[in-house]
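This report concerns the form of one chain and the way in which it meets its partner. The sequence and structure are shown first.

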Amino acid sequence: MSDDHETDRAGDQSIARRVTAIESLLVEKGLITSDVVDAVVETYERDVGPLNGAKVVARAWVDPDYRGRLLDDGTQAIGELGFGGAEGEHLVVVENTPAVHNVVVCTLCSCYPWPVLGLPPRWYKSFAYRSRMVREPRAVLAEFGTELADDVEVRVWDSSADVRYLVLPLRPDGTDGLAEDGLVPLVTRDHMIGVVR
Amino acid sequence: MGGMHGFGPVTRDPSDRSLDEPPFHEPWEARTFGLVVATSAKGLRTGSTRPSIERIDPAVYLASSYYARWARGIEAAIVAGGSLTSEEIDLRAATAGGGPTRSNATDPELVAAIRGFLNRPAPTSGEPVAAAFGVGDRVTVRRMASTGHHRCPRYVRGVTGTVERINGGWPHPDADTSEAVYRVRFDMRDLWGDDAEPGFLYIDLWERYLS
């Protein structure tokens, strides 16, 4: 039971049949239409994912005024780029510095800033990540290959209410020559959750 | 889950290459997620998603994958909403094969509304509300033996921290009116003892949880 995708596969097959039964019955009774379910799925398979967050980060790296607005009111500044919506109604951006490293978790379930990162990866929802990140963050970060110097302050953010958190990572060294578009591909989902630095 | 031990290392899915892990790994996971939003928009279930997930038998919860927990949660909420019965779901699940029935009808207005709800900027949420504590105040999380849905993890109860920000007000899951929610900063040593890793834990807590 080290991770949620290793749990009961046979149970999942039974659940899959129940989900299919529920959708079929609701459609046949005229209570829902298939296109509505499709639209929800397509939003996260096609339109909304960590590329949105990467664009926010890259803008903050090249535009100090934008960075200031982003740290002051994340929802508003992210909205300037056209991103926002469900699970992003109150976004707070926390900034890594040479002296501070931030990392985000949801111990209760899976709170996550959907408009900028899409839906969370499996490990974020795993019992191991949820239970351990608040107690031994350096040990968990090391499992992601992230070793922090002893003098770096670790700040763990447990999303438990309505605020959703996004980490603004450090701009990598040697990228002074890159424009905003060139910086976007350097920003990964893992940087913006904070499991890599 | 916070602070529980014994779950081993955090392992990555083989398909996880940082940006390109798909949001859904199986078609039924995607349909489950879509049904959560669609049935809510159509008023077909009672209550919100998380309380229905937290009512799952604890042993079943721990043995179920993430979207299986969602599926169990919404099934219970749809049945409670009265549009389907457990018996008809049992019967169909035992006999049906393949994918779900496709409707000929469409609902473009609802599709547009849902796309907007999921993916359209809006002003920062949180109501201006009266707050009993101020930034810099030392606060202690109440000890509570809560039943049902709550948003106060066990591992912070009884521990003292410092208010760092007043986020605004939201209705607590038990209430209709907004209540102040505070960002509280805890020293890891106060949470986990003197041999804790150095560092700080930040968590947002409703006023009712604090003293």
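Chain B has a radius of gyration of 21 Å, whereas a compact globule of 211 residues would have one near 17 Å; this radius is taken over C-alpha atoms, and the globule rule is 2.2 Å times the number of residues to the power 0.38. The model is a predicted one, in which local features need pLDDT of at least 70 and side-chain atom pairs count only at pLDDT 80 or more, while totals for chains, interfaces and linings use all residues. Residues are numbered from 1 along each chain as its sequence is written, and chains are lettered from A and ligands numbered from 1 in the order in which they are written.

The C-alpha atoms of chain B fill a box of roughly 60 × 40 × 35 Å along the principal axes. Of its 211 residues, 34% are buried, a residue being buried if 20 or more other C-beta atoms, placed from the backbone, lie within 10 Å of its own.

Chain B has 7 helices and 4 strands, where helices (H or I, at least four residues) and strands (E, at least two) are DSSP runs numbered from the N terminus. Along the sequence they follow the pattern α-α-α-α-α-α-β-β-β-α-β. By an automatic or database domain assignment, the chain is divided into domain 1 (27–118) and domain 2 (138–209). The centres of these two domains of chain B, taken over C-alpha atoms, are separated by 31 Å.

An open sheet of 6 strands has the order β2(A)-β3(A)-β4(B)-β3(B)-β2(B)-β1(B), with mixed pairing. Its edges are β2 (100–105) of chain A and β1 (138–140) of chain B, each with a single partner strand, so one side of each is left without a neighbour in the sheet. Two strands pair if DSSP finds at least two bridges between them. Two of the pairings are set out below.

| Strand pair | Sense | Bridges | Opposite residues |
|---|---|---|---|
| β3(A) and β4(B) | parallel | 4 | D158(A) and I203(B) |
| β2(B) and β3(B) | antiparallel | 8 | T162(B) and R185(B) |

The contact between the chains takes 83 residues from chain B and 88 residues from chain A, with two residues in contact if their C-beta atoms, placed from the backbone, lie within 7 Å. On the side of chain B that touches chain A, α1(B) gives the most, with 10 residues. The residues of that side divide into 43 nonpolar, 22 polar and 18 charged; Ala, Val, Leu, Ile, Met, Phe, Trp, Tyr, Cys and Pro count as nonpolar, Asp, Glu, Lys and Arg as charged, and the others, Gly among them, as polar.

Key. Buried ≥ 20, exposed ≤ 12 C-beta atoms within 10 Å, placed from the backbone.
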